[in-house]
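Here's a quick briefing to read with the model open beside you. Take a look around first, then come back for the walk-through.

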Amino acid sequence: MSLRTIMCVVGSKVGDADLKIAIDLCAQNDSHLSVLVILMASPPPIGDYASTISDAWLEERQHDLKKLEKRTGVITQLLEQAGISASVESEYAEFVWAAEEIGRHGRYSDLTFVGPEVLKSADLRSKVVEGALFESGRPLLISPSGTVPTLTPKHVLLAWDSRVESARAVREAMGMLIKADDVHVTLVDPDVSSNGPEPGADVGAYLARHGVKAIVDRLPSGGDTVANVLNQHAVDISADLIVMGGYGHSRLRERVFGGVTKSMIDAPKFPILMAR
């Protein structure tokens, strides 16, 4: 796909590191940068003390709006100095609706970028990931601290489990996969019932017809977590990017029992392109 517009979500209480990375990413790829500055509002007071603290709550909201306006102005100036095509919008979102607001803005971008600043904030990370994956219909590019994201990776690890989420991730990343030097289609403890008698052969052949230099790697977990196996294999192949589907299981199930998606998002080691 052509990544003509990249969205970067910036919180009111985080630094500018994500924004600077996104600026570099857009400059390298001649993409438009769409910045969403978001501040999540505190919930309104309820219960017996609501009447006595409502004035303080309203004052807090007014203070928040001024803070959001100031932050948006600073970012606008930073973008003007960057010399790229860019636009800025702001949202004062109720916490429970923040993901929907982020997703609504994300529909008008080709990709949502999440950098180290957002990853450090548990609440903001949760809302940005949820909004991008479940509300925007667009992929998510995660870049943890110490990594350099790229839209032209040379060595790619494609995490494959035959689910529809993996297929969508392949579709979203196809342009990158075609240009890569090699793509390691990686299956961990593949299930023959869902992957066929030769797990990975079907997707390998499909990718090859697109001109992708695909290598199928079937790996045993050996009792380790799938996330750890994927991260170690990414080290072994010197991966620039991991491509994977997100939330093959329900969000509630992953929240309660854990899962590959949650593990990869909570503690990413490599840049990850994720789609659902």
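Leaving aside its neighbours within four places in sequence, which residues is Gly106 in contact with? They are Met7, Thr112, Ser136 and Arg138. Before going further, keep in mind that this is a predicted model. Gly106 itself sits in helix H3, which covers residues 98–106, and its relative accessibility of 1% makes it buried.

**The chain as a whole**

- You'll find 11 helices and 10 strands in the chain.
- Its radius of gyration is 20 Å, close to the 19 Å the globule rule gives for 276 residues, so the chain is as compact as a globular protein of that length.
- If you boxed up the C-alpha atoms along the principal axes, you'd need roughly 65 × 50 × 30 Å.
- Buried residues make up 49% of the 276 in the chain.
- Take the contacts between residues at least 6 apart in sequence: 80% of them join residues at least 24 apart.
- The accessible surface is about 13300 Å², and carbon and sulfur atoms account for 51% of that.
- As for charge, there are 28 positive and 36 negative ones, and their mean positions lie 1 Å apart.

**The nonpolar core**

- In soluble globular proteins, nonpolar side chains tend to be buried together.
- Here, the largest nonpolar core has 79 residues, and the members touching the most others are Leu19, Leu33, Leu177, Leu207 and Val243.
- Strand S2 (residues 32–41) is the top contributor to this core, giving 7 residues.

**Helix H9 and what follows**

- Which residues of H9 are buried? They're Ala227, Val229, Leu230, Asn231, His233 and Ala234.
- Ser238 belongs to the loop that runs between H9 (226–236) and S9.
- With a relative accessible area of 49%, Ser238 is partly exposed; the cut-off for exposed is over 50%.
- For a sense of distance, Gly106 and Ser238 are 132 residues apart along the chain, and their C-alpha atoms are separated by 31 Å.

**Around S6 and H6**

- Ser162 is found in the loop between strand S6 (155–159) and H6.
- Ser162 is not a glycine, yet has a positive phi of about 70°.
- At 32% relative accessibility, Ser162 comes out as partly exposed.
- Ser166 is part of helix H6, residues 164–179.
- Is Ser166 buried or exposed? Ser166 counts as buried, because its relative accessibility is 3%, and buried means under 20%.
- Setting aside residues up to four places away in sequence, Ser166 touches Ala159, Trp160, Asp161 and Gly245.

- Where is Gly246 found? Look in the loop between strand S9 (241–245) and helix H10 (251–257).
- Gly246 counts as buried, since its relative accessibility is 0%.
- Not counting residues up to four places away in sequence, Gly246 touches Glu165, Thr261, Met274, Ala275 and Arg276.
- Gly246 and Arg163 are 83 residues apart in sequence, but their C-alpha atoms are 10.0 Å apart in space.

- At 36% relative accessibility, Ile215 counts as partly exposed.
- Leaving aside neighbours within four places in sequence, Ile215 is in contact with Asp182, Val183, His184 and Val185.

Notes:
Residues are numbered from 1 along each chain as its sequence is written. Side-chain values use heavy atoms; hydrogens and water are left out. A nonpolar core is a set of buried Ala, Val, Leu, Ile, Met, Phe, Trp, Tyr and Cys residues joined through side-chain atoms within 4.5 Å. Buried means under 20% relative accessible area, exposed over 50%, partly exposed in between (1.4 Å probe, protein chains only). Helices (H or I, at least four residues) and strands (E, at least two) are DSSP runs, numbered from the N terminus. Contact means heavy atoms within 4.5 Å. The radius of gyration is taken over C-alpha atoms; the globule rule is 2.2 Å times the number of residues to the power 0.38. Accessible areas come from the Shrake-Rupley method with a 1.4 Å probe; for residues, only the protein chains shown count as cover. Lys and Arg count as positive and Asp and Glu as negative; His and the chain ends are not counted. The place of a charge is taken as NZ of Lys, CZ of Arg, CG of Asp or CD of Glu.
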